[in-house]
Amino acid sequence: QHEYTYTPTPKTQSTIFKVGAKIKHRVFGEGIVLEAEAMGGDVLYTIDFETHGKRKLMGNLAKLESAE
């Protein structure tokens with residue numbers, strides 16, 4: 001009998017932003033990370049954007065950049 005182990009490979013994100021970090025998004029502009037929650041190989045960020053208010057974005061999809 002063979003034992004198989006499946007380990008999903010998370011999509012890597014170049015940067016993990018911490019709470020309080022200043023970031024930049026191509027559509028929403030600049031904002032500050034309010035929350036960062038690990039979720040299934042990714043990070044769910046709650047970000048307060050200067051011009052678009054609070055938004056929840058997945059790190060791997062959002063393509064966030066540091067604004068610091």
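Predicted model: local features only at pLDDT ≥ 70, side-chain atom pairs only at ≥ 80, totals over all residues.
Entry on A62. I looked up the accessibility of A62 and found 7% relative accessibility, so A62 counts as buried. I located A62 in helix 1, which covers residues 59–62. Setting aside residues up to four places away in sequence, I found that A62 touches H25 and L57. I then checked the distance to R26, and read 8.7 Å from C-alpha to C-alpha for A62 and R26, although 36 residues separate the two in sequence.

Entry on the core. I next asked which residues make up the largest nonpolar core. I listed 12 residues, namely F17, A21, I23, F28, V33, V43, Y45, I47, F49, L57, A62 and L64. Strand 3 supplies the largest share of this core, with 4 residues. I kept in mind that nonpolar side chains tend to be buried together in soluble globular proteins.

Entry on F49. I followed F49, one of the core residues, and found that F49 touches I23, H25, F28, G29, E30, G31, R55 and L57, again leaving out residues up to four places away in sequence.

Entry on D42. I placed D42 in strand 3, which covers residues 42–49. Was D42 buried or exposed? I read 13% relative accessibility, and therefore D42 counts as buried. I also traced the side chain of D42 to the backbone nitrogen of N60, which it reaches at 3.0 Å.

Definitions and conventions. Residues numbered from 1 in each chain as written. Heavy atoms only, no water. Helix = DSSP H or I, 4+ residues; strand = E, 2+ residues; numbered from the N terminus. Buried < 20%, exposed > 50% of the residue type's maximum accessible area, 1.4 Å probe, protein only. Polar contact = N/O pair within 3.5 Å; in protein donor to acceptor, adjacent residues only side chain to side chain. Core = buried A, V, L, I, M, F, W, Y, C linked by side-chain atoms within 4.5 Å. Contact = heavy atoms within 4.5 Å.
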